[in-house]
Amino acid sequence: MFEFERPRGGERALLVHINFPHQPDQDDLAEFVELVRSADVEDVELVIGSRVQPSAKTFIGKGKLDELAAQVEALQVDVVLFNHALSPSQERNLESALKCRVLDRTGLILDIFAQRAQSHEGKLQVELAQLKHLSTRLVRGWTHLERQKGGIGLRGPGETQLETDRRLLGKRIKYLNNRLTKVARQREQGRQARSKADVPTVSLVGYTNAGKSTLFNALTDARVFAADKLFATLDPTLRKLALSEQQHIILADTVGFIRHLPHDLVAAFRATLVETREADLILHVVDSADDARQDKIDAVNRVLHEVGAGETPQLLVYNKIDISGIEPRIDFDDQGRAWRIWLSAISGSGFELLFDVLRQQFCEQSSLYTLVLKAGEGQIRAYLFENGCIEAENFQNNGDIHLNLRLTPSLLKRLGRKFGIAVDRFVPVTDTLAGAA
């Protein structure tokens, strides 16, 4: 097998996109070109082909493979990028035939994430995803993999270099998982502190390049990196946003989603996306000028379900109306609830409408309720005390505790999520009746 030095980075790239007429859910070619541009490589040529089904050995046919090899040599290409998922053996066979580095769509996305990660947690997450991806690529393709350990006390077959590589990878992956577990605990402490302060969290999500970070910066005067590139934002950022003098929310900007997001990336960023799962409201930012916006909405919702945020209340924010030429407005459902708002993060048009919706969602006055707790529900009582909700309590002879509570709607929802309490256990009462009691 031909051996070559793997380059540190590919500045000149040959792009390959194969159409499969009988596969409906194919990756978009325009999105692939955007991914390549976001990776800061020079796409010198785009090769498009068509096949009924992929070749098990090289993904493409012999004729297309010869065409690629000729172009790699003529154009002095450093890397060949496929807009498809390649198996480890296909990637290895292509590299052998083309005599240069080959990356599939997953490898390209991982490379972009590696460039974008700024925080300690983000770098750990990206490295973990890269190592998990690399572990599937550890195959017998290089001569050094047959080296044996030997010497006194280690005679015999010993451990091959391949086994050593796998063992070292396994140790590093275990180390990264432990570090990320500690980071997750720190994040959980922060969420608990915000919960005690009864500050609702609103999470910005959306397809990559929908304008989430631009909207986040405009609303909070933050300086999060925002650019017309895919995955411009990788590390989550939280800022306080004032809806009124009395009411504040925490606004969280998150990593952008994409169709066919690599599974290892979803798993690695699960801790970060807990902010979305625990949010009181999701602002789902959509590029209103994108003809394929519904497909991208569906792709984002699939990832939200995968990370356990599928049931979180959601408001669609149709951004970029300055491009689509639509006037700012709010769309309401049959129950009179806002479900979609049209605005521009660049011009600020429609911002006041968004604030009106958020105020209606979170600025409602607290209400009085009665709740009867059983003797074994002490954790709920302790949580209510921590949040300053209990106005009066009466202990009954049978061990029950009758509580008079003052709760905001967001805290009422949080109690249901945290302890699984049925809503009908909270009995609303009027201030007059509460005062008479």
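These legends describe close-up views of a predicted model. Local features need pLDDT of at least 70, side-chain atom pairs count only at pLDDT 80 or more, and totals for chains, interfaces and linings use all residues. Residues are numbered from 1 along each chain as its sequence is written, and side-chain values use heavy atoms, without hydrogens and water.

**View A. The largest nonpolar core has 30 residues.** Such a core is a set of buried Ala, Val, Leu, Ile, Met, Phe, Trp, Tyr and Cys residues joined through side-chain atoms within 4.5 Å. Buried means under 20% relative accessible area (1.4 Å probe, protein chains only). Val 36, Leu 81, Leu 108, Phe 257 and Leu 304 touch the most other members. Strand 1 (12-19) and helix 10 (293-306) are among the elements giving two or more residues. Helices (H or I, at least four residues) and strands (E, at least two) are DSSP runs, numbered from the N terminus.

**View B. Helix 4 packs against helix 5 (residues 120-135).** The angle is about 155°, and the axes lie 10 Å apart. Axes are lines fitted to C-alpha atoms over the stretch in contact, with angles from 0 to 180 degrees between N-to-C directions. Helix 4 is therefore roughly antiparallel to helix 5 (angles over 145 degrees). Leu 110 and Phe 113 of helix 4 and Val 126 and His 133 of helix 5 are among the contact residues (heavy atoms within 4.5 Å).

**View C. Helix 13 (residues 378-386) has buried residues Ile 380, Tyr 383 and Leu 384.** They cover an arc of only 100° around the axis, so they sit on the same side of helix 13. The arc is taken from the directions from the helix axis to the C-beta atoms. Just after helix 13, Gly 388 has a positive phi of about 65°.

Key. Buried means under 20% relative accessible area, exposed over 50%, partly exposed in between (1.4 Å probe, protein chains only). Angles under 35 degrees count as roughly parallel, over 145 as roughly antiparallel, 65 to 115 as roughly perpendicular and the rest as oblique.
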